[in-house]
Amino acid sequence: MTTMRAIGLMSGTSMDGIDIAALETDGETVTTRGPTRFAPYDAAFRRRLEAALETAKSIVDRRDRPGDLADLEREITRRHVQAVRDFLAAVGEEWRSPSVVGFHGQTVLHRPGLGVTVQLGDGALLADELAVPVVHDMRANDMLRGGQGAPLVPAYHAALARSLPDAFVAQLPMVFVNIGGISNITYVPRDGDPIAFDTGPGNTLIDQWVSREAGVPFDAGGAIASEGSVVRSVVARYLDNAFFAKEGPKSLDRNDFNLDPAEGLELADGARTLAAVSAEAILKSVEHLPEMPKLWIVCGGGRKNARIVDDLRAGAERMRGSVAVAEDAGLDGDATEAEAWAFLAARSLRGLPLTFPTTTGCKEPATGGVLNKPKGAR
């Protein structure tokens with residue numbers, strides 16, 4: 001099958017900016033992982049995105065754009081246009097003519113129980129401005145077929161696992177852990193479809209905590225948490241949430257957990273306790289897996305929080321497994337989701353499944369995405 005060069009764009013639940021990654025793929029295998037780039041959002045724009053989460057709570061039809069969301073959608077798209085232009089200007093000649101762009105947009109509402117998911121981003125405008133076909137809105141078709149609409153990265157994780165060096169492939173079944181605002185896992189078995197679900201809060205509660213208590217956007221490296229102690233009673237309150245007992249597939253919205261159980265803690269103790277919540281929520285996922293994983297590969301911004309990773313490593317060792325951060329396996333832990341969106345765009349063009357009953361709960365494997373061709377190519 002002919003390979004294509006695809007670009008993936010991801011602005012995740014942490015809302016800190018746009019991850020960009022290039023990939024050579026046929027939508028089934030990973031041929032070459034290309035250059036990557038991060039385009040940060042300024043603080044004022046992040047505040048606009050945070051405010052949009054409140055505005056979006058009133059949405060019942062995913063096409064609705066109450067308040068200033070239509071203007072914000074155009075601004076998000078323009079920022080993606082500029083980010084891609086800057087990326088293409090900086091990469092080698094071989095990556096400057098992509099076949100397709102996979103565009104995630106910014107999630108402002110995800111309510112699978114109501115069948116509603118909203119990612120702000122105008123795929124047609126992006127395609128016209130870049131003069132490149134764009135696939136966007138990749139979650140909606142899954143939800144129409146009974147799925148949760150998330151997570152979508154597992155199809156890529158499964159392909160990525162089998163592209164790793166033999167020493168890693170020998171450790172199947174393995175789990176990919178993505179720690180963004182919300183954490184999710186993909187269990188890659190020796191054979192068959194991947195299993196995936198959201199595991200709980202990742203960075204989002206820590207970010208909210210240190211922003212409110214210390215005026216900083218995140219706990220860099222887990223430095224604040226390193227000064228504190230785990231308050232076990234608070235961890236227990238979080239883990240008592242009914243979400244953790246549910247079988248997968250299951251997914252979360254950024255607002256499904258809040259800081260209430262941590263109220264009254266000192267700054268460092270709160271950061272350390274919330275890091276423990278993130279790790280222990282991930283480890284609890286084994287209760288819903290068919291076999292204990294041999295290897296956990298940690299991706300996403302949360303892999304840079306030493307306290308989360310230490311807790312994961314200790315827990316995995318108790319279960320006779322091991323933990324590797326993405327870079328230990330030769331991967332780029334910041335770019336995995338953006339790479340996934342490039343991979344999914346290629347799969348969408350071929351009509352291949354993006355989701356499976358074991359990853360989102362859809363009734364049968366489902367493709368998805370809306371293809372936007374630039375003006376002149378329609």
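The secondary structure of this protein chain amounts to 11 helices and 12 strands. The radius of gyration is 20 Å, close to the 21 Å that the globule rule gives for 378 residues, so the chain is as compact as a globular protein of that length. Keep in mind throughout that this is a predicted model.

A few more overall values. Along its principal axes, the C-alpha trace spans about 60 × 50 × 40 Å. Of the 378 residues, 57% count as buried. The accessible surface comes to about 14900 Å², and 48% of that belongs to carbon and sulfur atoms. Now take the contacts between residues at least 6 apart in sequence: 70% of them join residues at least 24 apart.

Next, a pair of helices. At what angle do H2 and H3 pack? Helix H2, residues 69-90, and helix H3, residues 123-130, pack at about 35°, and their axes are 10 Å apart. The crossing of H2 past H3 is right-handed. On the H2 side, the contact is made by Thr77, His80, Val81, Val84 and Arg85. On the H3 side, Leu125, Leu126, Glu129 and Leu130 take part. Sorted by type, the residues of this contact are 5 nonpolar, 2 polar and 2 charged.

Stay at H3 for a moment and move on to alanine 131, which is in the loop between H3 and strand E6, residues 134-136. Alanine 131 has a positive phi of about 60°, although it is not a glycine. Most residues other than glycine have a negative phi. Is alanine 131 buried or exposed? With a relative accessible area of 58%, alanine 131 is over the 50% cut-off, so it is exposed.

There is another residue of this kind further along. Arginine 320, in the loop between H10 and strand E11, residues 322-325, has a phi near 60°, again a positive value in a residue other than glycine. At 81% relative accessibility, arginine 320 counts as exposed.

Now the peptide bonds. Most peptide bonds are trans. Where do we find cis ones here? One joins alanine 150 and proline 151, with omega at about -10°. Proline 151 sits in the loop between helix H4, residues 140-144, and H5. Another cis bond runs from leucine 172 to proline 173, with omega near 0°. Proline 173 is in the loop between helix H6, residues 166-169, and strand E7, residues 174-179.

Start with strand E9, where threonine 199 lies. Threonine 199 has a relative accessible area of 3%, under the 20% cut-off, so it is buried. Leaving out residues up to four places away in sequence, threonine 199 touches Ser183, Asn184, Ile185, Phe243, Phe244, Ala281, Ile282 and Ser285.

Then helix H8, which contains arginine 237. Arginine 237 counts as exposed, at 53% relative accessibility. With the residues up to four places away set aside again, arginine 237 touches Asp260 and Pro261. Its C-alpha atom is 9.2 Å from that of alanine 262, although arginine 237 and alanine 262 are 25 residues apart along the chain.

To put the last two side by side: threonine 199 is buried, whereas arginine 237 is exposed.

Note on methods:
Residues numbered from 1 in each chain as written. Predicted model: local features only at pLDDT ≥ 70, side-chain atom pairs only at ≥ 80, totals over all residues. Heavy atoms only, no water. Axes fitted to C-alpha atoms, helices over the stretch in contact; angles between N-to-C directions. Helix = DSSP H or I, 4+ residues; strand = E, 2+ residues; numbered from the N terminus. Left-handed = near helix turned anticlockwise from the far one by under 90°. Contact = heavy atoms within 4.5 Å. Nonpolar A, V, L, I, M, F, W, Y, C, P; charged D, E, K, R; others polar. Rg over C-alpha atoms; globule rule 2.2 N^0.38 Å. Buried < 20%, exposed > 50% of the residue type's maximum accessible area, 1.4 Å probe, protein only. Areas by Shrake-Rupley, 256 points an atom, 1.4 Å probe, with all protein chains shown as cover.
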